[in-house]
Each structure stands twice: as C-alpha cells, then as structure tokens.
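Work through the following exercises with the model open. Each task is followed by a solution in steps.

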Amino acid sequence: AILHAHLGRLSLPAETLDSDRRLILAKTPALIQEMLSILGQLVGLAAAGRVPRMPAIETLENVMRLSPMLVQALWEKQSPLLQLPHFTEDMLRFCVTKRRRIKTCADMAALSETERRSLFRRISDEEYRDIRIVLAGMPQIQLSHRVEVQGEAAKHHVTAGSIVTVHVTMQRTSLCEVR
C-alpha cells in the first residue's frame with residue numbers, strides 16, 4: 001500500500017507513513033537485486049532439471065520494470081515528464097499540441113530556453129530553475145559498438161563457433177546545460 005501511494009504520488013503523514021515510505025524505498029534496490037538473483041538461480045536450476053519449470057520471461061521483465069518506476073515515482077504508463085519537479089498533470093496538455101510534441105524529458109531539454117520558459121510561464125523562477133537543474137542532471141547516453149572475430153582474416157565476418165569480441169563505447173552527456 002505504501003509503494004502504491006508512492007507511485008501515485010499521494011502525500012502521506014510525515015511523522016508516520018512518510019518515514020515508512022522512505023525506509024521501504026531505501027531497501028527496495030537491494031530487494032530488486034535479490035529478486036533478479038533468485039530468478040537467475042531458478043533459471044539455472046530449471047536448466048539442470050532440479051525445479052519443475054522455468055520462470056516466465058514476464059516475471060523477469062516485471063521485476064526489471066519496477067526499479068525505474070520506484071526511482072521516478074511514476075506508474076509505467078504515465079508520462080516521463082511528471083518526474084520533473086513542480087510538473088503536474090495539468091501541464092501535460094500544453095506539451096502535446098498541434099505546434100509542439102513534447103513527450104519525453106529529452107524533448108523538453110531540446111526546446112530553446114525561451115520556448116521552455118514560456119511553457120512554464122505559470123510557475124515561479126525558483127521552480128523553473130529546479131526543473132532546469134533536474135533536466136541537466138538527466139543523462140543522454142550514446143552507444144557505439146564494434147564487432148571483431150579473433151583469429152580470422154575477415155575480422156568482421158561472424159560465423160558459427162567464432163570467438164567474438166564486442167567493443168562497446170558509451171558516452172554520457174547532460175540533457176541540457178544550467179545557466
């Protein structure tokens with residue numbers, strides 16, 4: 001019930017249930033990690049024939065989806081824009097119009113400073129600065145990869161039984177700058 005209140009962004013009494021919410025949220029990353037570990041063990045046991053059936057892939061997917069939901073305090077189907085501070089459901093209707101299609105935080109960060117400020121004209125300068133700081137803290141990740149087959153003349157031709165090395169380069173930048 002407390003996690004449901006967290007995902008629904010319901011306010012809880014500070015001295016009782018809100019402190020319980022904070023405690024539960026502090027413990028959930030370890031719980032989710034352990035759930036993933038148990039699922040891995042069950043897959044190994046099922047492959048060895050020691051448990052009657054393999055866990056469903058949906059179980060793994062659901063456990064993995066829970067972590068970002070708890071961090072963002074949003075249900076999976078809600079707009080990611082709601083994770084921005086001071087951003088409300090009412091503001092969503094201004095984001096998707098005939099003129100603009102802002103559906104993600106990256107879309108929001110891509111707006112010019114004047115467009116973004118005009119979108120948030122009903123909030124104070126301090127609240128707007130909070131939004132800019134959170135957007136600047138969000139990562140934009142670019143991945144590139146290179147595949148090489150070791151011991152072959154054609155290093156980029158993968159065949160069955162080949163020993164393959166995958167080089168992955170990840171570059172993390174900020175969605176936007178805070179000025």
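**Exercise 1.** Locate Arg-9 and state whether Arg-9 is buried, partly exposed or exposed.

Solution. Arg-9 sits in the loop between helix 1 (2-7) and helix 2; helices are DSSP runs (H or I, at least four residues) numbered from the N terminus. The model is predicted: local features need pLDDT of at least 70, side-chain atom pairs count only at pLDDT 80 or more, and totals for chains, interfaces and linings use all residues. Residues are numbered from 1 along each chain as its sequence is written, and side-chain values use heavy atoms, with hydrogens and water left out. Phi of Arg-9 is near 55°, a positive value in a residue other than glycine. Most residues other than glycine have a negative phi. With a relative accessible area of 41%, Arg-9 is partly exposed (buried is under 20%, exposed over 50%, partly exposed in between; 1.4 Å probe, protein chains only).

**Exercise 2.** Describe how helix 2 and helix 3 pack.

Solution. First, take the angle: helix 2 (residues 17-47) and helix 3 (residues 57-72) pack at about 165°, with axes 10 Å apart (axes are lines fitted to C-alpha atoms over the stretch in contact; angles run from 0 to 180 degrees between N-to-C directions). The two helices are therefore roughly antiparallel, a term for angles over 145 degrees.

Definitions and conventions. Angles under 35 degrees count as roughly parallel, over 145 as roughly antiparallel, 65 to 115 as roughly perpendicular and the rest as oblique.
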